[in-house]
Amino acid sequence: MTEKFLVGTYTRDASEGIYEIELDKDQKQLQNLQLVAKAGNPTYVAVSKANRLYAVDKGADGKGGAMALDNSSRPATEINLCLNEDTNPAYITVDEGRQFVYTANYHTGEVMVYKIESDGSLAYQNKVVHSGDVGPRPEQENGAHPHYADLTPDGRLAVVDLGQDRVYIYDIADDGSLTQASTIKMEAGFGPRHIVFDAQKHVAFVVGELSSKLAVLNYDEKTAHMDVKHIVDTIPHDWEAHNGAAAIRLSNDGKFLYVSNRGNNSIAAFEVADDGSVELIQLISTEGDFPRDFNFNEDETFVVVVNQNTNDATLYERDVKTGKLSVVQKDFFVPEGVCVTLEK
């Protein structure tokens, strides 16, 4: 049995755009890398239920935004481009219920809302711009840096701002306009990057890129209020070299949480208690340099991680009972990998 993943990349060196790889579950190996679409730095991608592929993109003139493609053919067929941002965004996601696409732009401080038209094309709809206070670290000095924008379990939009050390929750109107419902200020220099929610436990998990920490937040769906429950490290206490925590994934059963570390070049596995608190149970090498993202396969018995600097992917087998990972394949060529998305 095979499953397919899409990989978003930088196109600074060996990559030409968006790629697809197969996972052969029986052989426990990745195979058949192929180019899906040429694009400029399509670092994050998302696929809709209508099998439209949406990706961040950078045009030849340096303008950025979102691109829409028909994902039913190979190569994928371009539907349209919406390059109305000053630089390419850092994150993209699909809102199936409202038929919107959201992007978070690290460089401009903007969160953009695009309407999905009947043919799958995108049209600019609305935006919010973050400004104001920033954190104390050098990476935060030049302003707000939204790094993530995706839906909460209750249908609001969560935006994680690395520059401001803040997580925002927005209400979404029918026209795509965003109204702030709440915000939480993390500890100074936390550098929040990505967030995942557990609706059953009423908590959210925020990974801090600049601090290499994982925060557990209580989240009240009625009020959108958030407060910090506790914070743990994602790397060993004696690690002194540079590290930037990156991606975060929660297993479907809510029992295990995973974070990638760029620098320490590892995945930290945490066991999640019934109250949402976490305990580190494993720190395993990614067998490559600078693991930006990773993801589960359909039944979560495998995990695929892409290492940007070494142009490769590593495959782990995952014990669903213990949550622990074991390497079954490494050094599979994937150029400049940044994002891993399972095709369903």
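Modeller: In this predicted model, the residue to begin with is E3, which, leaving aside its neighbours within four places in sequence, is in contact with I21, E22, L23, K25, N297, E298 and L342. E3 belongs to strand β1, spanning residues 2-9, and it counts as buried because its relative accessibility is 7%, under the 20% cut-off.

The structure holds 21 salt bridges in total, among them a pairing of D133 with R166, whose closest N and O atoms are 3.5 Å apart. Because D133 sits in the loop between β11 (122-129) and β12 (146-151) while R166 is in strand β14 (residues 166-172), this pair ties together parts that are 33 residues apart in sequence. D133 is partly exposed at 35% relative accessibility, whereas R166, with a relative accessible area of 18%, is buried.

Another salt bridge joins the side chains of K213 and E187, at 3.1 Å from N to O; K213 lies in strand β18 (residues 213-219) and E187 in the loop between β15 (178-185) and β16 (192-198), so that parts 26 residues apart in sequence are tied together. Here K213 is partly exposed, with a relative accessible area of 25%, and E187 is likewise partly exposed at 36% relative accessibility.

Key. Residues are numbered from 1 along each chain as its sequence is written. This is a predicted model: local features need pLDDT of at least 70, side-chain atom pairs count only at pLDDT 80 or more; totals for chains, interfaces and linings use all residues. Side-chain values use heavy atoms; hydrogens and water are left out. Helices (H or I, at least four residues) and strands (E, at least two) are DSSP runs, numbered from the N terminus. Buried means under 20% relative accessible area, exposed over 50%, partly exposed in between (1.4 Å probe, protein chains only). Contact means heavy atoms within 4.5 Å. A salt bridge is a side-chain nitrogen of Lys or Arg within 4 Å of a carboxyl oxygen of Asp or Glu.
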